[in-house]
Amino acid sequence: MKLWGGRFTKETDALVHNFNASISFDQKFYQQDIKGSIAHVTMLEKQGILTAKECEDIVAGLEGIRKDIENQTLVIDGSQEDIHSFVEANLIARIGETGKKLHTGRSRNDQVALDMKLYVRDELVEMNHLLKTLLNELYQLMSNNTDTFMPGFTHLQKAQPVTLAHHLGAYFEMFQRDRSRLCDIYARMNYCPLGSGALAGTTYPLDRAYTAALLDFDGPTLNSMDSVSDRDYIIEMLSALSTIMMHLSRFCEEIIIWNTNEYRFVELDDAYSTGSSIMPQKKNPDIAELIRGKTGRVYGALVSILTTMKGLPLAYNKDMQEDKELTFDAMDTVKGCIALFTGMLSTMSFNKEVMEASAKNGFTNATDAADYLVNRGVPFRDAHGIIGQLVLACIERGCSLDELPLAEYKKICPVFEADIYDAISMKTCAEKRNTIGAPGTEAMEAVLKAYGEYLDAMNLCDTIKGNGKD
């Protein structure tokens, strides 16, 4: 008979039990369930609802269950429909009638809401740490490549010369914002639903603020109906995880392109590549491709929970059980992808000479050549046309602007002098752009200083209880 079976006169059909049960996946938060139960009975004892001895026995029983699950002497099986019932049934079996008092003043509705919040909160901390590790790797690569020149692109067409440090800095900004989103979600969700009951609270004199403090929440939730039916924090988190995956996918797409024979910008480490079963020459960027592919998996979890929640009336509905499986999968997927991507990035080598040659041969310095003329009194519209003619001449000759003889420059426009070659060198083109956020040396030094201070500071979420460690 189920823990809730008093109202029923026969057992649930086996198919119904299996369809209804969640223990196959919600067993992931057995630690959070036991932690929440210990806080709950500690509060009940403080309020005089349980005696000190009853509280002591229950806590000892719960800690014993946790220890036995961890050392695998107690196996979580399908005998109960969820992890909450499993823990409670085992507690009653161990300590007897006192164990039946564990559930005083709470419902499975607020219990599962608590467990999910505790689990998500722990996962946010872990993902935040993984992102910081990735940012540290990006920072080191940026610091070592402030003078590594490469083409910048628009429309996948070579546009203007930049540095590798500047290009990687765009991703530093993206992942930095991703960390801030995780912090925002943590702060918004950090209120304790325990004590909300099924939907209307309880007649027991609970101290919800005390329970919240024991569990490192900022306070109790203020509406019991919202408390048991709120899943926006999961939606927010899955949205943030989808954005992280989108950023990883964009970066992977570039690495895949850079790794092609046509580009040869990068060389992937053997440990992060695979071969072909039939073509011995192949070295495939499978890890980058898989991360790119798994982005859709995380997007699917977000769309799933949005769809599940869109038509639910207040308060709790069993549909909400669908908030777990895909969410757990998405969190595991994102953590794995960040860790693998960081490893791939840290072992990847850059072909600096090839990158610089690509920038030259792609006429990325054409805009600077036009600026050269403008600075000598030629109207920009005329300068634009002159450089277009020069580019056409280079294409016909199969050379870059850096290689075109000065006589050819003067043939099209006599304003050109020998200093044009210095004006359009990759180094000059990149380094003279020194407004903050640009690739110039002075601008990059200022940005790297700011990034270094950011990474040296306390954890991004240092204001959040229990999340000040890296």
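Core. I took a nonpolar core to be a set of buried Ala, Val, Leu, Ile, Met, Phe, Trp, Tyr and Cys residues joined through side-chain atoms within 4.5 Å. The model is predicted. In the largest such core, of 97 residues, I looked for the members that touch the most others, and found Leu 138, Leu 241, Leu 248 and Phe 341. Helix 10, residues 232-258, gives the most to this core, with 15 residues.

I then listed what Phe 341 touches, leaving out residues up to four places away in sequence. The list is Leu 134, Leu 248, Phe 251, Cys 252, Ile 255 and Ile 291. There is also a second, separate core of 22 residues, which includes Ala 366, Ala 369, Ala 383 and Ala 423.

Helix 6. I checked the length of helix 6, residues 108-143. At 1.5 Å a residue its 36 residues should span 52 Å, and the end C-alpha atoms are 52 Å apart, so the two agree. Of the 36 residues, 27 are buried, and I noted the helix as mostly covered. At its N-terminal end I found a cap by Ser 107, with a side-chain oxygen 2.9 Å from the backbone nitrogen of Asn 109.

Hairpin. I looked up the pairing of strand 1 (residues 149-154) with strand 2 (residues 157-163) and recorded it as antiparallel, over 6 bridges. Gly 152 stands opposite Gln 160 in strand 2. The hairpin has 2 residues between the strands, and His 155 takes a positive phi near 55°.

Aromatic pairs. My search of the whole structure gave 13 aromatic pairs. One of them, Tyr 119 with Phe 328, is edge-to-face, at 5.1 Å centre to centre and 65° between the planes. This pair links distant parts of the chain, since Tyr 119 is in helix 6 and Phe 328 in helix 12 (residues 325-347), 209 residues apart. Buried or exposed? The cut-off for buried is under 20% relative accessible area, so Tyr 119 at 8% counts as buried. Phe 328, at 3%, is buried.

Phe 153 lies in strand 1 and Tyr 263 in the loop between helix 10 and strand 3 (266-267), so the pair ties together parts 110 residues apart in sequence. Phe 153 has a relative accessible area of 24% and is partly exposed. I followed the ring pairs onward and found that they link Phe 153, Trp 258, Tyr 263 and Phe 265 into a cluster.

Terms used
Residues are numbered from 1 along each chain as its sequence is written. This is a predicted model: local features need pLDDT of at least 70, side-chain atom pairs count only at pLDDT 80 or more; totals for chains, interfaces and linings use all residues. Side-chain values use heavy atoms; hydrogens and water are left out. Two strands pair if DSSP finds at least two bridges between them. Helices (H or I, at least four residues) and strands (E, at least two) are DSSP runs, numbered from the N terminus. Buried means under 20% relative accessible area, exposed over 50%, partly exposed in between (1.4 Å probe, protein chains only). Contact means heavy atoms within 4.5 Å. The expected span of a helix is 1.5 Å times one less than its number of residues. A polar contact is a pair of N or O atoms within 3.5 Å; within protein, one must be able to donate a hydrogen and the other to accept it, and residues adjacent in sequence count only if both atoms are side-chain atoms. Rings of Phe, Tyr and Trp (its six-membered ring) pair if their centres lie within 6.5 Å; planes under 30 degrees apart count as stacked, over 60 as edge-to-face and the rest as tilted.
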